[in-house]
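Take a moment to look over the chain before reading on. The paragraphs below lead from a single residue to the cores, then to a sheet, and finally to the charged pairs.

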Amino acid sequence: MKLCSVTKIWDKSAHNAFTDLVLYRDKLYCVFREASAHVSPDGALRILCSEDGGTQWHSVALIQLDFADLRDGKLLAAPDGLYLFSGAALHSEQGSGMRSYCWQSLDGVDWSAPTMVAKEKEWLWRVTSHEGKFYGICYFPHEHDGYVALYTSQGDTEFRPLVPRLSQAGYVNESGLVFDDQNRAICLLRRDPLWQTDERALLGISHPPYTQWQWQVTNCRIGGPVSFIYQGQHYAVVRLYDGRVRTSVVSIDLQTGQITEKLVLPSGGDTSYAGIVLVQEQLWLSYYSSHEGKCAIYFAKVTLQK
């Protein structure tokens with residue numbers, strides 16, 4: 001792999017982080033959280049648009065809720081428009097825990113009112129489209145009873161649990177979910193050392209109808225995973241914790257669960273949470289990092305080589 005270019009595209013807020021990226025009607029859309037800090041009650045979702053392949057960017061929308069901190073916005077391009085998913089950390093007067101919301105748009109500028117998806121206190125992470133259906137993995141963050149669940153919908157916001165307890169093997173949470181040309185679902189699942197000693201990520205594989213899964217333990221801890229398939233190989237963009245914290249492109253061996261670092265992006269400190277778009281032989285991606293001092297949003301292009 002070769003890093004072709006990387007550009008800082010936004011740093012106007014005190015803290016700019018947690019990105020996603022889609023290509024929709026020949027335009028790139030990048031969403032991220034802007035707030036006063038990594039954890040703060042004032043999180044909003046800023047959406048940028050580029051009409052020239054990522055050279056010039058401009059803001060087209062700002063999504064806010066007055067009763068919650070919006071976190072980790074994720075975009076999905078579908079035949080009927082754009083979908084925006086986000087976790088909402090409720091302010092104390094609204095109760096405790098998380099809710100998951102979805103907004104819809106035809107142009108990335110004007111967005112619908114939010115629709116609550118999944119169960120109360122479940123966080124619907126990234127949503128993936130496959131054969132006309134939407135699939136997403138929720139996680140319930142709890143010190144002792146946490147879990148992840150697989151949800152699906154008929155290409156709309158009516159999500160229902162397909163596997164209510166997909167995994168409870170430790171503090172499982174963020175996920176990268178993709179489908180390959182063999183119709184397999186592949187999940188790279190983050191674990192954190194909250195109450196367990198093993199913090200290595202999990203790798204799950206399932207065949208239709210995706211109700212039975214086989215899991216194996218990988219060789220390292222990861223954060224903020226987003227997965228993709230290129231020429232039959234499974235890759236992801238993740239945060240790595242060994243030595244210096246950084247954002248990297250990695251490959252994953254589906255037979256052994258071995259994660260191998262392929263390319264380190266200019267990054268460090270508070271970093272990761274990438275969004276990706278595959279364009280022919282290139283990987284276009286957004287991510288955030290504080291390696292230049294302030295948490296800022298970056299856009300990079302990587303040439304892929306098998």
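Predicted model: local features only at pLDDT ≥ 70, side-chain atom pairs only at ≥ 80, totals over all residues.

Gln216 belongs to strand 17, which covers residues 213–217. Leaving aside neighbours within four places in sequence, the contacts of Gln216 are Ala201, Leu202 and Leu203 together with Leu254, Gln255, Thr256 and Gly257. With Gly257 there is a polar approach as well, for a polar atom of the Gln216 side chain lies 3.4 Å from the backbone nitrogen of Gly257. Gln258, which is 42 residues away from Gln216 in sequence, has its C-alpha 10.0 Å from the C-alpha of Gln216.

The largest nonpolar core holds 38 residues, and the members that touch the most others are Leu21, Cys30, Trp57, Leu150, Leu177 and Trp213. Strand 14 (residues 171–179) gives this core its largest share, 4 residues. Leu177 shows what such a position looks like in detail: not counting residues up to four places away in sequence, Leu177 touches Thr128, Tyr135, Gly136, Ile137, Leu150, Ala185, Ile186, Cys187 and Trp213.

Four strands are arranged as an open sheet in the order 1-24-23-22, and their pairing is antiparallel. Strand 1 (2–10) and strand 22 (272–279) each have a single partner strand, so these two stand at the edges and one side of each has no neighbour in the sheet. On average, and with direction ignored, neighbouring strands of this sheet are turned by 20 degrees against each other. Within the sheet, strand 22 and strand 23 (residues 282–289) run antiparallel and are joined by 6 bridges; Leu278 has Leu283, in strand 23, as its bridge partner.

The last topic is charge. Side chains of opposite charge can pair when their charged atoms come close. How many salt bridges are there in this model? The count comes to 17 salt bridges. One of them joins Glu292 to Lys8, with the closest N and O atoms 3.7 Å apart. Because Glu292 lies in the loop between strand 23 and strand 24 (296–303) while Lys8 lies in strand 1, this pair ties together parts that are 284 residues apart in sequence. Glu292 counts as exposed because its relative accessibility is 52%, whereas Lys8, at 38%, counts as partly exposed.

Another salt bridge brings together the side chains of Glu174 and Arg190, at 2.9 Å from N to O. Glu174 sits in strand 14 and Arg190 in strand 15 (residues 185–192), so that the pair links parts of the chain 16 residues apart. Both Glu174 and Arg190 are buried, and together with Asp192 and Arg221 they are linked in a network of salt bridges. A further pair is formed by the side chains of Asp270 and Arg239, which meet at 3.8 Å, N to O. Here the link runs between the loop that separates strand 21 (259–264) from strand 22, where Asp270 is found, and strand 19 (residues 233–240), which holds Arg239, 31 residues apart. Arg239 counts as buried because its relative accessibility is 10%.

Note on methods:
Residues numbered from 1 in each chain as written. Heavy atoms only, no water. Contact = heavy atoms within 4.5 Å. Polar contact = N/O pair within 3.5 Å; in protein donor to acceptor, adjacent residues only side chain to side chain. Core = buried A, V, L, I, M, F, W, Y, C linked by side-chain atoms within 4.5 Å. Buried < 20%, exposed > 50% of the residue type's maximum accessible area, 1.4 Å probe, protein only. Pairing = 2+ DSSP bridges. Axes fitted to C-alpha atoms, helices over the stretch in contact; angles between N-to-C directions. Salt bridge = Lys/Arg side-chain N within 4 Å of Asp/Glu carboxyl O.
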